[in-house]
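Biologist: Before we look at anything, could you take me through the reading of a model, feature by feature, with the general idea before the particular case?

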Amino acid sequence: FHREASGEAGKAAVYWERIGDRATSMWAHRDAVSSYTRALRHWRATSPKPDQTGTNFELLGKRASAWELLGEIERGEGDIREMLEVASEQRNGSRRCHALTFQSRLLLRRGHYQQAIQRAREALALAQDLRDLPLEARAREALALSFYRSSSDEEARRLFLELVPVLESLG
């Protein structure tokens, strides 16, 4: 890729992100991980502009999703830890909530039900504080699934029933 050789790191990052997105759409998750890794490397070599503050966070999320789909949960968890650091540095509650919900899902896949419940509860409380219904719906779903997988069927049922009006209000 000629932009890499010419030192245009910002443009190279955009290129590799697009390649990663295309690989994801074709279920080529290993190629997606490779492309998102290259995009992150190039993005980090630039001096981010104020309107690009979410790029690192979004790329980490995309790569974590690709790792999850490859079944390499631990690697995805590493990206989520970085996402949480980015959200903390930016003091961005919405991003923190998104990362906590994602982390809950990965913990659930690893069979760490109590930790998944804890993270989903944190995400739900944060979403409610932010008054962000889409984030609340995702966090509530993660919490309900965590209870369901931990064999707390009544609690899971209650949470799923509470999720219905939230989803209905979203249209």
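Biologist: Which residues have the most contacts inside the largest nonpolar core?

Modeller: In soluble globular proteins, nonpolar side chains tend to be buried together. A nonpolar core is here a set of buried Ala, Val, Leu, Ile, Met, Phe, Trp, Tyr and Cys residues joined through side-chain atoms within 4.5 Å, where buried means under 20% relative accessible area, exposed over 50%, and partly exposed in between, with a 1.4 Å probe and protein chains only. In this predicted model, the largest such core has 41 residues, and those with the most contacts inside it are Ile 80, Met 83 and Leu 143. Helix 2 (9-25), helix 3 (29-44), helix 4 (55-70), helix 5 (73-90), helix 6 (93-109), helix 7 (113-130), helix 8 (133-149) and helix 9 each supply at least two residues of this core. Helices (H or I, at least four residues) and strands (E, at least two) are DSSP runs, numbered from the N terminus.

Biologist: How far may I trust such details, and how are the residues numbered?

Modeller: Because the model is predicted, local features need pLDDT of at least 70 and side-chain atom pairs count only at pLDDT 80 or more, whereas totals for chains, interfaces and linings use all residues. Residues are numbered from 1 along each chain as its sequence is written, and side-chain values use heavy atoms, with hydrogens and water left out.

Biologist: Which residues does Met 83 touch?

Modeller: A contact means heavy atoms within 4.5 Å. Leaving aside residues up to four places away in sequence, Met 83 touches Phe 57, Leu 60, Gly 61, His 98, Ala 99 and Phe 102. Of these, Ala 99 and Phe 102 are among the buried residues of helix 6, and the buried residues of that helix pack against helix 4, helix 5, helix 7 and helix 8.

Biologist: Why are Glu 162 and Arg 158 separated by about one helical turn?

Modeller: An α-helix has 3.6 residues a turn, so residues three or four places apart point the same way. Glu 162 and Arg 158 are separated by about one turn because they are four residues apart in helix 9, and their side chains meet in a salt bridge at 2.3 Å, N to O. Both belong to a network of salt bridges that links Glu 136, Arg 140, Glu 155, Arg 158 and Glu 162.

Biologist: What does the chain look like as a whole?

Modeller: The protein chain has nine helices and zero strands, and its C-alpha trace spans about 60 × 30 × 30 Å along its principal axes. Buried residues make up 40% of its 171 residues.

Key
A salt bridge is a side-chain nitrogen of Lys or Arg within 4 Å of a carboxyl oxygen of Asp or Glu.
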